[in-house]
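Thanks for sending this one over. Here are my notes, point by point, to read alongside the model.

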Amino acid sequence: MSYAHFSADCDQHHDLVRDFGGDRPPIVVLCGSTRFFQAFRRENLRLTLAGTIVLSIGCDTKADEDIAEIQDMEQVKADLDELHKRKIDLADEVFVLNVGGYVGESTRSEVEYAEKLGKPVRYLEPVEAETAGAR
C-alpha cells in the first residue's frame with residue numbers, strides 16, 4: 001500500500017506535508033491506555049520492522065519516575081492528550097491497543113477525533129460497536 005502524498009493533490013494539512021520524491025511508508029499512530037505500555041513497545045517494534053513509521057506515546061504517566069515530580073498531573077495529561085491528537089493529524093491510520101477490550105475515555109476521544117478526520121481506525125482485539133467510538 002502506497003501513501004505517497006503530494007502537496008498539489010491535497011487541500012489539508014499542507015504544513016504537515018513534505019514531498020520526498022517517491023512513496024513513503026505508511027504512518028500509524030498507536031492509541032490506548034498507558035497501562036498497556038508493553039503492548040505499545042511490542043506493536044511499535046513489530047510495525048517498525050514491517051517498514052511502518054510509528055507514532056506512539058512519549059511517556060508512561062503511570063510509571064515514569066521523572067514525571068512523578070510534576071505537581072499538576074491533570075494539566076500534563078490534558079496536554080499529552082492534545083499532543084496525541086496532533087500525532088493523529090500526521091498519521092494515515094490509527095491502531096488502538098485495546099488489550100482485554102479496554103478502551104478508556106482518552107482513547108475513546110482519540111478514536112472519535114480520528115473518525116471525524118476520516119482516518120481508518122483498527123483495533124488490536126475485536127470491539128463491540130459502542131466501544132468503537134461514534135460511528
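1. First, the ground rules for strands: two of them pair if DSSP finds at least two bridges between them. Helices (H or I, at least four residues) and strands (E, at least two) are DSSP runs, numbered from the N terminus. This is a predicted model, where local features need pLDDT of at least 70 and side-chain atom pairs count only at pLDDT 80 or more, while totals for chains, interfaces and linings use all residues. Residues are numbered from 1 along each chain as its sequence is written, and side-chain values use heavy atoms, with hydrogens and water left out.

2. Now the sheet. Strand β3 (residues 93-96) runs parallel to β4, and three bridges join them. Within that pairing, Val94 has Val121 of β4 as its bridge partner. The whole open sheet has four strands, ordered β2-β1-β3-β4, with parallel pairing. At its edges sit β2 (53-55) and β4 (121-123), each pairing on one side only. On average, neighbouring strands are turned by 30 degrees against each other, direction ignored.

3. On to the helices. Helix α1 lies across β1 (27-31), β2, β3 and β4, at about 170 degrees to β1. Helix α2 (residues 73-90) lies across β1, β2 and β3, at about 150 degrees to β1. (Axes are lines fitted to C-alpha atoms, for helices over the stretch in contact, and angles run from 0 to 180 degrees between N-to-C directions; contact means heavy atoms within 4.5 Å.)

4. Which residues have the most contacts inside the largest nonpolar core? They are Val29, Ile88, Val94, Val96, Val121 and Tyr123, in a core of 13 residues. (Such a core is a set of buried Ala, Val, Leu, Ile, Met, Phe, Trp, Tyr and Cys residues joined through side-chain atoms within 4.5 Å; buried means under 20% relative accessible area, with a 1.4 Å probe and protein chains only.) β1, β3, α3 (105-117) and β4 each supply at least two of its residues, and β1 gives the most, with three. Apart from this core lies another, of nine residues, among them Val28, Phe36, Phe40 and Phe95.

5. Have a look at Glu43, in helix α1 (residues 37-49). Glu43 is buried, at a relative accessible area of 6%. Leaving out residues up to four places away in sequence, Glu43 touches Leu30, Phe95, Leu97 and Leu124. Its side chain also makes a polar contact of 2.6 Å with that of Arg46. (A polar contact is a pair of N or O atoms within 3.5 Å; within protein, one must be able to donate a hydrogen and the other to accept it, and residues adjacent in sequence count only if both atoms are side-chain atoms.)

Methods: Buried means under 20% relative accessible area, exposed over 50%, partly exposed in between (1.4 Å probe, protein chains only).
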